[in-house]
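Please examine the sequence and the structure shown below before reading on.

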Amino acid sequence: MNHYKNTLKMTALGLALVAGQAFAHGNVTPQAVDTKGLENLGEEWRDTNPYREGHPQHDLAIQVGASAYNQNCAACHGLDGISGGINPDLRYLETGDYGDEWFKQRVINGAVRDGRVYMPRMADFVSQEALWAIRTWLESVAVEQ
Ligand code: HEC
């Protein structure tokens with residue numbers, strides 16, 4: 001638990017340094033996500049969402065993901081996944097493996113262009129379990145195009 005708190009402190013520091021402007025504007029601080037009960041995924045990143053429909057903790061992942069999203073992504077992407085229009089509305093992300101790949105790519109690498117951080121590398125601050133839970137929730141509210 002202590003270790004976790006320290007990690008969070010470091011995280012807050014890291015964000016201030018790395019994300020700088022984007023976070024200052026969005027007023028975002030990473031929030032601890034309680035992933036208790038979700039299968040531990042280890043260090044190595046999965047290529048596809050492990051908690052997808054059929055996984056025994058699919059429903060729990062949706063619950064965890066909904067609040068983890070509102071805590072860590074909503075400031076930029078909109079509460080409950082509904083974007084105000086400036087940043088991508090993540091309900092429109094493609095479902096299935098292809099969307100997983102894109103999601104993973106983004107949360108690991110963020111979006112940095114010409115030295116500006118549009119989206120921080122969220123995987124540096126939020127666990128793989130919490131991020132796939134977010135993906136699971138996003139798929140549950142996905143809008144078909
Ligand atoms: C500081 C603001 C900010 C935060 C916080 C943030 N994002 Fe983003 N995100 C963006 C922006 C801006 C883009 C568009 C990047 C671009 O223009 O290339 C983006 C793009 C994405 C994309 C690609 C969308 C697409 O349609 O191509 C995904 C997936 C994504 N974000 C997921 C997340 C998740 C999950 C979280 C929370 C864990 C998160 N983001 C937190 C700002 C943010």
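This is a predicted model: local features need pLDDT of at least 70, side-chain atom pairs count only at pLDDT 80 or more; totals for chains, interfaces and linings use all residues.

Another side chain, that of Arg-106, has an N or O atom 3.1 Å from an oxygen atom of the ligand. In the side chain of His-77, an N or O atom is 2.8 Å from a nitrogen atom of the ligand.

## The shell around the ligand

## The iron site

Which residues coordinate the iron atom of the ligand? The coordinating atoms from the protein are NE2 of His-77 and SD of Met-119, at 2.0 to 2.1 Å. The site of the iron atom has six donor atoms, and the angles among them range from 84 to 179 degrees, which makes the site octahedral. For comparison, ideal angles for six octahedral donors are 90 or 180 degrees.

His-77 belongs to helix H4 (residues 74-77) and Met-119 to strand E2 (residues 116-119), so the two residues tie together parts that are 42 residues apart in sequence. Are these two residues buried or exposed? A residue counts as buried when its relative accessible area is under 20%. His-77 has a value of 11% and is therefore buried; Met-119, at 17%, is therefore buried as well.

In soluble globular proteins, nonpolar side chains tend to be buried together. In this model, the largest nonpolar core has 26 residues, and Tyr-69, Phe-103, Ile-134 and Leu-138 touch the most other members. Helix H3 (58-72), helix H5 (96-109) and helix H6 (128-140) are the elements that give two or more residues to this core. Helix H6 gives the most, with seven residues.

The contacts of Leu-138 illustrate this packing. Leaving aside residues up to four places away in sequence, Leu-138 touches Tyr-69, Leu-90 and Phe-103.

## The overall fold

The secondary structure of the protein consists of six helices and two strands. Read from the N terminus, the order of these elements is α-α-α-α-α-β-β-α.

The protein has 145 residues, and 41% of them count as buried. Among contacts with a separation of 6 or more, 68% are between residues 24 or more positions apart.

How values were computed:
Residues are numbered from 1 along each chain as its sequence is written. Side-chain values use heavy atoms; hydrogens and water are left out. A nonpolar core is a set of buried Ala, Val, Leu, Ile, Met, Phe, Trp, Tyr and Cys residues joined through side-chain atoms within 4.5 Å. Buried means under 20% relative accessible area, exposed over 50%, partly exposed in between (1.4 Å probe, protein chains only). Helices (H or I, at least four residues) and strands (E, at least two) are DSSP runs, numbered from the N terminus. Contact means heavy atoms within 4.5 Å. Donors are N, O and S atoms within 2.8 Å of the metal (3.2 Å for Na, K and Ca); water is not among the atoms, so sites may look incomplete. Four donors count as tetrahedral if all angles lie between 85 and 135 degrees; four count as square planar and six as octahedral if opposite donors are over 155 degrees apart and all others between 65 and 115; anything else is irregular. A polar contact is a pair of N or O atoms within 3.5 Å; within protein, one must be able to donate a hydrogen and the other to accept it, and residues adjacent in sequence count only if both atoms are side-chain atoms.
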